[in-house]
Each structure stands twice: as C-alpha cells, then as structure tokens.
Amino acid sequence: MQVPWRAAPRAALSSPLTLVVSIATTLLLGFVVAAAVLHSSSAGSAALAYQQDRICPHSVHPSLDGDQLPLASAVTMSSQSPLSAVYTRIGRPDFNGLATYGRFGYRPEALSHLTVVEGGGTGLWVPQTIATAARVKIGDRLTGSPLVVSAIYADLAHPVSGWWCSEAKTVVPNPLGGDGASTSVIWVPQVSDLSSLPQEFSSGASVSLRFPVEPLSTLAEAEALRDRGNALVTSLGLPLTRTDVLTSAITAARTSERNVSSALLPLVIISVLVGLAGVGTVTVQWAQRRHSELRLLWVRGAGPLALGFRGVLELGLPLVAGGLLGLMTARLLLPLYAPGVVLAPGTLWVALGHVLVVVAASLAVTVLVACWRAHRTFQRRARSWRLSVVPWELVVAALAVLAWVRLSRNGLGTTLKGGELPRIDVAALTFPLLVVLAAALLATRLLRWSLAWSHRVQWWRVPAAQLAVRRLAAAVGPVTGVVLVGVLAVGTIAVGSAVAGAQKSALDSKSGVFVGANSTVQVSQDIALGRVALPSSLRGNTTLVGVSTGALVVDPATFTDAALVDDAASVRSLLSGLRRTGDTAPALRIGRAANQEIQIPGLPLVKPVASLPVFPKLGTRGYVLARESVPAVEQVGSWHLWSSLPLAALTSSLQAAGVHYTNVADRARVLDGLPFLTVEWTFGFVAAIGFVLAVVAAVALLLAIEVRRRQNAVSGALSTRMGMRPSVLWSSHLLEVGALASLAVAIGAVASFVSMEFAVPRLDPAPWLTPAPVLPDLVPLLGSMVLCGLLVVVVAAWLALRGVRTARMGELLR
C-alpha cells in the first residue's frame, strides 16, 4: 500500500503529455492573475508619470507664493527655500532718462538659464525689449542706484523651459496686454542687490518658494513626498499661499489604478474559472489513464478522498511549477502588455500571493474532481445531471443586455465635469466581452448538435470532406473546446485592440477639434490689418483665424493648410463659396446652430448658406465666415495663428521675425488624456488576454492532434493502402483543422465587430467634447489573425500526417 503513494510524484513522468498540459494550464492561470496585479500597479505608476509630465518640475513639491509684500520681508522669506524668487512691483526704472515699464527680480542660477544678446558679467541683466525701448546700453547705471547694466538678454517667451515654467506667469510678459500690466524682469546677480534699488520698488513685492525634488516613480514615493512637503511648508509658518498640485495628481493616479483593477476583475474571474475547468479536465483524463491502479487501490480500501489526494501527489508538483512559471512569465513580459514597467514596492509579493491562491484552488479542484470521478466510477452512482444542459449562452446574453442598458444610459459612468477622472462603470465596460462570450457559447452548442447529427451526412463524392466530418464527430469534446477558446481569443483580441485604438484616436481627434490645429497662438490685429507680415517660414503651414463669440473668421485659401479637418478638399470647396454679395455675410452653419440670419457682435449680419456637422474650435455649434466678408477686422474679438507645426517651431519662427504673441495652445497637451489612457490600458490588457487565449487554442488544437496520433496513423495508413491519394488525405486534414479555425475567426470577428459598433461610440470618457470615439480600421487586425490561423492549420495538418508517413503497418495492426 505504501509504494503507490510514495511513487506517485515520479509516476507523472510516465505521462509526459499530461505533465506538459498540467504545467501549461496553471502557467496560464498564474500568468493571468499575476499580470492583472502587475498591470494594475503599473497603471498607477504610469498615471503618476503622465500627471507629473504635465506639472512643472519645481511645482511637484508643495510650494508657497505671496505678493503685495514689503521688499525686505520678501527677501527674508526667500531664504526659507533652496530655490526661491523675489520680484519687485512693476515700475518705471530709469537708465538714460527714457524710463519704461519694468520690474526687478532675483532667482538663484537665473542668469545661467538666460540667452545673452550682448555683454555678460555680474551686473544688471536687462531684457532686450526694455533695452530697446529705453535705449539701454552696457555700462549704463540705474538712476538712484549704484547698480550698472552688464548684459542684455533675450526676453523669455512661451513655451518656456521646465526650469522657468513655475515662474512663467511672472517672467513672461504679455506683449498684447496694456502698458504696465506685465513686463519682463531685470535680473540682479545677488539677492542683496535688491536693497540697492530705488525707493519706488521697496513695496508691493512678490515671492515664490520652490523645493526641487527628483522625479517620482511610484505612488508610494509621491504620497511620502506630499506628506513631508506639507509638513515642511506648515512648519515654516509663513503668511503665504500654499499650492499643492501633487495631491490632485496622486488622487487621479489612484483613481486610474482603481478603475483599471475593477475593470479587469470580471475578466480575470472568468479566465480563472476557465483555467480551473481546464485543471478539472486534466484531472479527468488522468483518472481515465490511471483507472486500473485506482481500482486496485479502491479494492484495497482507499476511499474517494484518498484517491483524490492520490491525484494531487502526481499532479501537484506540475501545477505548482506551472503557477510559479506563470508569475515569472508575467514579470518578464510586463513591457509588452502593461502601460509601464515601474511597480509599487511589494507588488511582486502581492502577485505571488494571488498566484499561490490560484495554485491552491487548482489543487483543490484536482482533489474534488478525482474524488468525484472515483466516487461515480467505483460506487456505481447514477449518472449525474450535466451542466451542459443549462443554457449558459442565454444567461450570458441576459447579462450582456443588462450591460448594454447601463452603457446606453451612463456611458462609462463619467460625470459631465471637466478636470475630474471618471469612475468607470465596470458593468458597462464588459458589454462587448459578454457579447463575444455569448456568441462563443452559442457557437459551441450548435457545433455539438451539428456533430451529433453528422452521421447522416453522406459526402463520399468528396472523400476529404467526409473523412474530416467523421474525425470531427469522433472528437466532439476537444473540438468544441478548441472552438470555444478560439472564438474567445479572436473576440477579445479584436475588442481590446479596437477599443484601445478608438480611445487613442478619440483623444487625438478631440484635442484637435478643441485647439483647431496642432498649435495656436494669439496675435495682434496688426497681422489681420496687414501692418505686420507673416514670416515666410510659416507660409503654407499656418493660417490666420479670427475668433468672435460663436463664430470663426477664416481665410479660405489657407485654412486647410493648418486646420485639422477630415476632408480638406470638401471644406476648402465650401469655404471658397462664401463670397459676400450684399449686406449679409454668407456663412457655414455648424452642427446645432440656428439655421437663420443672426447678428454677432463685431461681425456683419450672418446668413447660413451651407452646413457641416462639426468644425475645428467650434465643435458642434457656431458659424464660419470668410475673411473678405468682414470689412472691419479690428472689431473681431481676437486673432489667432493656427499652424500644423509643433508649438516650439511656430513660436521660434514668430520670435525670429519679432512678432508678438500670447495665449499659446498645444494640441498634445491641451487636454488631460488620463481618462482616455485608463480605458486604453484596460482594453490593452484585454487584448493581451486574447493573445494568451489564442496561444491556448493553438496549443490545445495541436495537443488534440498529438493525442489522436495513433488513431490518425491507423486510419490514414489503411486509407492510403486502400487507394486513397496522399493529396486527398492532406486535404482532409486541412479541411478538418481549417473548419475549426475558420469558425473561430469568423464567429469571434463578427461578434466583436457588431458589439463594438454599438459600444465604441458610448465608451467615451469625455462625452461633452466632439467627436465621439469611432471604430478604427480593423482590416489589418483581421488579416493578421487570418494569417496566424492559416499557420496553425498547416502545422496541425502536418502533425496529423506525420504519423501516417512514418507508420509501420505491421506494428499498427499488432
């Protein structure tokens, strides 16, 4: 009695196929569970990195700002920070009797971050605009002060570097503002030099206290920095305004991590249940192969529970090894499926804990299934009720209907407020996946019924097809299992890839409509009046656009050179037809705008003559007029340059030409893309699970062929000796395997495409912005899946024929 139990672990080596299947099953289980944990953690870190990239580096740590302070008090407060800045009020410094507006300031290392035009040294650094207006030269002395000008530098302008961005509101002047509203800064080399300024600058000073830190990697680091920073700022006890942008970034990152985790939970649960069912199937096959040994142990007094633990003794080590290999695989492949590679401390241990739970569940399933099998086999119990009788596809379809109701009513559960990360409705998010699962269950049930009736099929005129049908009917279980997993694989890959792509394109499209072009800047009306010429480097890629309340004034000849429109030729044709012939100005009516004549302040009477559903900047409401229809361009609200160039290229060209601008906008940074990225990351993991299921389906198909190798060898060898041509046998196996692959690809693709056609427009994290997400081009994805399916079909058919070609007839008959 002791030998069979002690030899059980080594007995697994006698069935290498069972060993491989056991390891592969829990490997996939461990991978799914561990990958979900790692993916969620990396999503939180990636969300923090995204938020941190949108924050000025010197504003990550809680900071302090104050104004309307005595200059001496501001200087004293500045000593409380490693990177502080002190600015005087705006006055009229006098160098040569030509006083102009200016202000003085000090910031450590500021001089090393300026571009010198003339001079240098450790005196006053005067911006070029003030030097030109006041005719300041190197060596001039500030009236009422011993300070002397030693350098002239190029004025700072948007977009500023990261070192200046926290001070941009002070150091970057608004050239289109009124006199004295803003100005560039005259820098002093030492903070003590501020006490040497004229008396008029001794009051109304402002101060900023910054605390530079290294870039953060994880949410734990961010939370620790926030707590330390707030404690430090509180301990200073200064009467200044605190700014804490890190808290909102942490909140957004935590919400994103929570959204991803909750969205992945249903998929992970379904995957675990499918994997545990696979463990049960492996256990059933083990019990069938060990039937004689189990009967012997039963006769000698071993009960069902003991026989169940006998299965664990043989299959336990492969199951544990597979789970640990799944964890290792999930960690190694993290860059391929996760939004980042940075994990929170202890994440691997959490993943290991989840994997161990799954492995324990697999061992429990092994015990229960082996126990049930022994109980039913040896105690001759009546046949139990089959779970296959339950209409699972109807249950899943009902869940899909409920998910659709949630999705159609609430979308993703987003509240219509900008600046808030949405709490995703998990029930709504699962709609396309539930549709795919329902289609897969329905397909397998119909396939099972069809194969049960296939004995009535008489296709002997096409022997390859007849033999293929017979082989399929003889292996109903493996066939339906492969089709089920294959449909799920194709469907989840298509759903995950399509929704992730739709979110990416939606963010790009919405930001394009919101800005109008890749980059925009506001300019003075002098360009519209022709007093200032547009730089030659911007011709062909930039257009001038007037913005009034609810209307745009555009140049039909150049608008499509820069604006982001779907059909440039159609828009150009419509705009070219806006020619004013009377008192009214013909216009394009956009979206839901009223189809009637309307008077807009600063513009002539507007009369709609054509319409478009959506237009850059206006969205789905407004009017578009041609520039020549507006006689008084100075009455237009504001004028902007729209460009197809990046913002840095646009502003550098304007700076080189001496064109003043303000209110810059960059398409890449104008919208907070974290809500879109959250959904994209979620469905990116769905696509990764789909690839895992595709591997499972392919391996299951190849293993099913390998298990039936002897049977295929006997039938194939007999058929060829009875006169069947090898080409017919090859075609038969291609038809058999190709039918399964074709069913999986066709049903999975149709179910996913149909569900996504309804779901993608409603999976919108920002429904108040146009346009809604649209289904991307799925032809390349479908083509790649078909090519991979063909490869698997050819390999499986080759495996089936390999046994026939190498078979020895005498050995087979024996």
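**Group meeting: a walk through one predicted chain**

Ile-527 is buried, with 10% relative accessible area.

Ile-527 sits in helix 18, which covers residues 526–529. What is Ile-527 in contact with, leaving aside its neighbours within four places in sequence? The contacts are Val-532, Leu-544, Arg-627, Leu-641 and Val-659. Take Leu-544 from that list: Ile-527 and Leu-544 are 17 residues apart in sequence, and their C-alpha atoms are 8.3 Å apart in space.

Now the chain as a whole. The protein chain has 814 residues, and 50% of them count as buried. It contains 26 helices and 18 strands. Of the contacts in the chain with a separation of 6 or more, 80% are between residues 24 or more positions apart. The accessible surface is about 37,100 Å², and carbon and sulfur atoms account for 61% of that.

Helix 17 runs over residues 476–515, which is 40 residues. From its first C-alpha to its last, helix 17 reaches 58 Å, close to the 58 Å expected at 1.5 Å a residue. Just after helix 17 comes Gly-516, with a positive phi of about 105°.

On to the second largest pocket. How much space lies in it? About 930 Å³. The pocket is lined by 35 residues, and those nearest its centre are Thr-129, Asp-155, Pro-173, Ser-184 and His-660. Helix 5 supplies the largest share, 4 residues. Sorted by class, the lining has 15 nonpolar, 18 polar and 2 charged residues.

Helix 21 also holds Thr-651. Is Thr-651 buried or exposed? Its relative accessibility is 2%, so Thr-651 counts as buried. Not counting residues up to four places away in sequence, Thr-651 touches His-158, Pro-159, Val-521, Tyr-661 and Val-664.

His-158 and Pro-159 are joined by a cis peptide bond, with omega about -5°. Pro-159 lies in the loop between strand 6 (149–153) and helix 6 (168–171). A cis peptide bond also joins Thr-770 and Pro-771, again with omega about -5°. Pro-771 is in the loop between helix 24 (726–759) and helix 25 (779–805). As background, most peptide bonds are trans, and most residues other than glycine have a negative phi.

Glu-109 is not a glycine, yet its phi is near 65°. Glu-109 lies in the loop between strand 3 (103–106) and strand 4 (116–119). With a relative accessible area of 56%, Glu-109 is exposed. Asn-663, also not a glycine, has a phi near 50°. At 48% relative accessibility, Asn-663 counts as partly exposed, because exposed requires over 50%.

Terms used: Residues numbered from 1 in each chain as written. Predicted model: local features only at pLDDT ≥ 70, side-chain atom pairs only at ≥ 80, totals over all residues. Heavy atoms only, no water. 1 Å grid on protein atoms, 1.4 Å probe; cavity = no way out; pocket = protein on both sides within 12 Å on 5 of 7 lines; lining within 4 Å. Points joined across faces, edges and corners; volume = space filled by probe spheres on them. Helix = DSSP H or I, 4+ residues; strand = E, 2+ residues; numbered from the N terminus. Nonpolar A, V, L, I, M, F, W, Y, C, P; charged D, E, K, R; others polar. Buried < 20%, exposed > 50% of the residue type's maximum accessible area, 1.4 Å probe, protein only. Contact = heavy atoms within 4.5 Å. Areas by Shrake-Rupley, 256 points an atom, 1.4 Å probe, with all protein chains shown as cover. Expected span 1.5 Å × (residues − 1).
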